[in-house]
Amino acid sequence: MSETLVSVQDMKVHFPIKRGVLLDRTVGYVYAVDGVDLEIKRGETYGLVGESGCGKSTLGRAMLRLNEPTAGKMVFDGQDFSALKGEELRKMRRRIQMVFQDPLSSLDPRQSVESILIEGLRAHDLDKSKEETGKRLRELLSAVGLPTTALRKYPHEFSGGQRQRIGIARALALNPDLIVADEPVSALDVSVQAQVVNLLEELQEQFGLTYLVIAHDLAVVKHISDRVGVMYLGGLVEEATAADLYAEPLHPYTRALLSAIPVPDPVVEDRRERILLAGDLPSPANPPSGCRFHTRCPWRQATRCDTERPVLREFKPGHKVACHYAEQIRSGEIQPHEVKPILVEEEGISPDIPLVGPASVTEALNP
Amino acid sequence: MALLEVRDLTVVFQRKGEEPFYAVDGVSFDVEPGQTVGLVGESGCGKSVTSLAIMGLLPKRGAKVTGTVSYDGTDLLKLSDREMRDRRGRDLGMVFQDPLSSLNPVIPIGLQVTEVLERHRGLARKEAMIEAKNLLDKVGIPDPNRRLKEYPHQLSGGMRQRALIAIALACRPKLLIADEPTTALDVTIQAQILTVMKELVQDLGTALVMITHDLGVVAGLCDEVNVLYGGKVVEKAMRHKLFAEPRHPYTHGLLASIPRLDAAPGEKLTPIKGSVADNIPWTQGCAFAPRCPNALDICFTETPAEEEQLGRLLRCHNPVVPGTPAAEEVPV
Amino acid sequence: MATCRAATSCRVCWWFEQTLIVGVGATLIGLTGGLILGTLAGALGGWVDSAVMRLVDVMLSLPSLLLAFSIAAMFARPSQFTVILAVAIVQIPVFARLLRGSMLAQRHSDHVLAATALGVKKGAIVFRHMLPNSLSPVIVQSTLVLATAIIEAAALSFLGLGNPDDRIPEWGQMLGDVQNVFDTHPHLAAYPAICIIIVALGFTLMGETLREALDPKNRR
Ligand SMILES: Nc1ncnc2c1ncn2[C@@H]1O[C@H](COP(=O)(O)OP(=O)(O)OP(=O)(O)O)[C@@H](O)[C@H]1O
Ligand SMILES: Nc1ncnc2c1ncn2[C@@H]1O[C@H](COP(=O)(O)OP(=O)(O)O)[C@@H](O)[C@H]1O
Ligand code: SF4
Ligand code: SF4
Ligand SMILES: [Mg+2]
Ligand SMILES: [Mg+2]
């Protein structure tokens with residue numbers, strides 16, 4: 001069961017920053033994903049964590065080709081998914097599905113649940129007969145724990161957790177091999193989060209699914225994943241099994257991240273040593289030279305850190321890290337020191353606002 | 001007498017042709033100087049409405065506020081709009097969840113801080129500038145001189161939240177209400193902001209009301225915790241007691257459904273079944289009853305009263321008894 | 001004088017029908033044109049988008065009345081149809097830009113991404129997901145445009161570019177008629193004005209109802 005299902009090779013996504021009123025000029029790039037390699041084995045759950053804006057969603061979308069990657073490729077089950085075109089690509093999409101963060105906006109408000117679930121079947125000519133489709137829909141609903149009466153309702157009639165179940169049912173409808181779940185529980189209430197996390201785990205067992213779970217909450221990712229990749233500013237900085245990562249974080253960023261997450265236990269909280277990072281995440285449009293983390297790294301050294309970009313290397317079997325000084329930091333030879341926060345220039349690009357130029361001159365002049 | 005005493009605070013939203021809606025339903029709590037009191041609960045349980053009611057920021061039309069909110073002996077609910085405006089900023093500070101929409105986008109940060117200083121503390125422009133710089137420095141904004149001249153959109157989310165805290169602190173209010181101040185931020189930034197807030201409480205003796213849905217934040221910051229459900233406080237206890245032995249089935253269920261960073265591998269989560277949509281009205285019984293694993297028949301017919309039980313305030317007919325698991329396996 | 005008043009009142013009713021034809025006709029044609037251009041730009045993006053939007057820019061940068069005037073003047077024989085056409089063409093860019101904007105927002109929305117990930121065909125995505133969810137603002141706009149269309153049609157006929165047939169009256173013509181007696185009977189000018197307000201209001205309400213009826217949140 002250790003056959004590789006997905007292999008991402010040197011994936012890059014650079015979004016051009018356009019300026020200019022009449023003729024768009026490219027004035028720079030947002031290096032949202034900048035050289036990521038990762039492998040996901042069949043049947044496992046790979047968790048991707050990192051702060052907002054570090055490129056997690058963009059990577060997930062590029063893998064599904066919802067964004068076209070700038071460079072690199074994804075090999076899916078032995079086939080080069082990035083090279084597929086037209087009909088071939090569309091057919092192949094059946095095997096890779098996605099679950100979105102916002103359960104409401106990812107469902108078309110004008111579609112009933114039935115039509116949402118049938119849409120994929122229809123696109124791949126899988127709704128042969130009425131009875132069979134009906135049976136399939138009922139199966140799907142019971143798999144995600146919704147009553148069959150849900151079929152004729154519209155998304156706005158459900159609660160957040162139920163909507164997310166609809167989104168999961170839609171992804172399941174086509175019997176995919178891989179499900180990419182982008183922040184599947186972060187929009188949900190705490191008490192409902194656990195229901196969806198458990199549901200995802202049960203479905204994985206039942207249907208032998210492979211997951212890529214993207215989240216900013218390391219506790220959720222650690223709970224659900226077999227292996228975890230930590231992203232910082234467009235690149236992976238550490239990769240290990242969930243237990244290993246928690247037991248022995250090697251990268252300074254992972255250490256800081258782990259120490260920053262609040263634990264719902266006052267006894268633990270009172271005793272905890274926090275590694276407080278100075279300043280903000282630098283802008284991905286203007287990433288720091290060398291090690292991307294060097295502007296905030298409490299272990300930063302005078303040599304190599306700001307000149308040479310560390311590669312993700314195997315530190316010990318199954319545990320990779322991208323830091324020049326991982327050995328010395330682990331042994332305690334290098335001690336953390338104070339870091340002066342550096343001003344981060346906001347590019348005025350918000351991840352929430354799609355970068356679309358003004359529709360016309362008149363719109364640009366009087367918005 | 002405590003600095004802030006909230007008694008039986010009730011907020012009813014009444015829309016024409018609709019049933020009155022009890023967003024906050026008889027909430028009481030005290031806050032002492034230098035103390036942090038937490039309000040936790042899920043989305044829609046009335047946390048924000050409570051804070052807005054204390055600050056007198058609810059719309060006059062449509063929202064009916066009853067009960068008392070006494071600050072240093074005066075009932076804030078009885079003050080006129082004018083008097084309340086004077087108090088806000090001077091005595092009461094507030095930090096909101098969304099820092100961008102609570103800052104004025106067309107005024108530089110510096111001016112927004114000095115404005116408050118000039119108005120409430122009567123400082124001259126020059127002094128105000130110096131004080132503003134100190135404030136930004138105190139909340140951890142690098143290079144404050146330059147930041148003072150920048151507009152909110154030029155700052156990152158974390159920096160905006162700090163600016164907002166700086167504004168709230170400008171008049172050294174004795175009471176600060178923070179409504180999900182870190183929910184929109186990354187954990188590493190959240191850690192920075194929470195550290196700043198902790199220092200404030202310790203160094204200045206500010207009384208802090210911390211509103212959040214994150215039990216982890218509560219565990220590290222609050223002295224006393226109020227757990228809200230459907231507009232009522234269902235459990236109120238000191239932090240160590242609450243987390244060590246949650247007695248209300250809802251609190252217990254919440255803690256069992258959070259994945260913990262320090263949990264053993266393979267540990268299962270036990271979610272609470274259903275969602276807030278299943279609640280029954282409090283007038284009929286216990287709102288949590290349809291979701292509660294401990295529910296008895298009486299829970300559907302009789303409203304539980306707030307009582308001193310097991311060394312804390314509880315609103316429950318059948319609290320979780322030590323040693324027995326409250327939540328059973330819930331089918332998903 | 002009495003006959004004149006009676007004639008005006010009667011002509012107001014007559015005018016009502018004519019105005020409806022011109023206003024609704026122009027709006028519908030403008031809407032259709034705008035929908036086609038807006039859909040092309042919003043759905044295809046890239047150079048199609050740029051080309052369409054530059055065309056729209058050019059049209060919007062000219063004063064609408066002047067544009068309608070030039071278009072109407074291009075026809076050798078002015079008629080009611082030329083008025084409709086002239087007014088319609090002026091409205092096209094308004095609709096096109098509005099639709100393009102909301103289509104673009106839809107293109108980046110999660111449910112469209114979800115449909116793409118499901119492998120739904122591009123055409124189906126555009127017509128089943130993007131277009132229906134982009135229409136609300138356009139529908140609201142069309143009720144506003146209707147009022148403008150009526151006024152512009154009136155202006156054209158006032159300037160003598162409308163239907164030359166005197167038996168089919170329009171607001172502009174009527175204003176022209178009333179001009180001579182305005183000093184003594186100003187209320188005669190008020191009739192057409194009141195009518196136009198009522199009509200515009202009626203259509204705005206209709207648009208609002210239509211939008212509400214199409215909103216899935218009101219569906220059970
Ligand atoms: N102006 C209003 N008119 C009517 N109902 C309102 C109004 N403001 C809030 N409510 C309702 O009051 C209830 C409590 O709202 P509140 O904003 O306090 O929730 P909250 O606990 O802060 O939740 P969240 O965690 O989502 O911020 C909700 O059901 C909300 O819909
Ligand atoms: N369509 C886009 N055009 C330009 N920049 C984008 C676009 N989508 C995302 N970005 C930028 O790429 C970076 C990574 O974004 P994203 O992958 O959404 O982050 P995450 O999911 O980790 O929060 C951000 O800086 C964001 O602003
Ligand atoms: S390479 Fe240097 S700057 Fe980067 S994480 Fe390692 S020690 Fe820190
Ligand atoms: S009163 Fe009854 S239903 Fe409510 S929490 Fe207690 S045991 Fe559960
Ligand atoms: Mg994301
Ligand atoms: Mg709130």
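Contact here means heavy atoms within 4.5 Å. With that in hand, chain C of this predicted model can be read through its contacts: of those with a separation of 6 or more, 78% are between residues 24 or more positions apart. As for secondary structure, chain C has eight helices and zero strands, so its pattern along the sequence is simply α-α-α-α-α-α-α-α. Of the 220 residues in chain C, 47% are buried. The chain exposes about 10,600 Å², and carbon and sulfur atoms supply 71% of that area.

Turning to charged pairs, a search over all chains of the whole structure comes up with 45 salt bridges. One of them pairs R61(A) with D110(C), with 3.6 Å between the closest N and O atoms. This pair crosses between chains: R61(A) sits in helix α1 (residues 56–63) of chain A, while D110(C) belongs to helix α5 (residues 110–118) of chain C. On the chain C side, D110(C) has a relative accessible area of 13%, and because buried means under 20%, this aspartate counts as buried.

Within chain A, R95(A) and D77(A) bring their side chains together in a salt bridge, at 2.6 Å from N to O. The two residues are 18 residues apart and link distant parts of the chain, with R95(A) in the loop between α2 (86–92) and β6 (96–99) and D77(A) in the loop between β4 (71–76) and β5 (79–80). R95(A) is buried, at a relative accessible area of 18%, whereas D77(A) is partly exposed, at 28%. Both residues also take part in a network of salt bridges that links E3(A), R42(A), D77(A), R95(A) and D177(A).

Another chain A pair is D127(A) with R122(A), whose side chains meet in a salt bridge at 3.3 Å, N to O. Here D127(A) is partly exposed, with a relative accessible area of 24%, and R122(A) is partly exposed too, with a value of 48%.

Terms used. Residues numbered from 1 in each chain as written. Chains lettered and ligands numbered in written order. Predicted model: local features only at pLDDT ≥ 70, side-chain atom pairs only at ≥ 80, totals over all residues. Heavy atoms only, no water. Helix = DSSP H or I, 4+ residues; strand = E, 2+ residues; numbered from the N terminus. Buried < 20%, exposed > 50% of the residue type's maximum accessible area, 1.4 Å probe, protein only. Areas by Shrake-Rupley, 256 points an atom, 1.4 Å probe, with all protein chains shown as cover. Salt bridge = Lys/Arg side-chain N within 4 Å of Asp/Glu carboxyl O.
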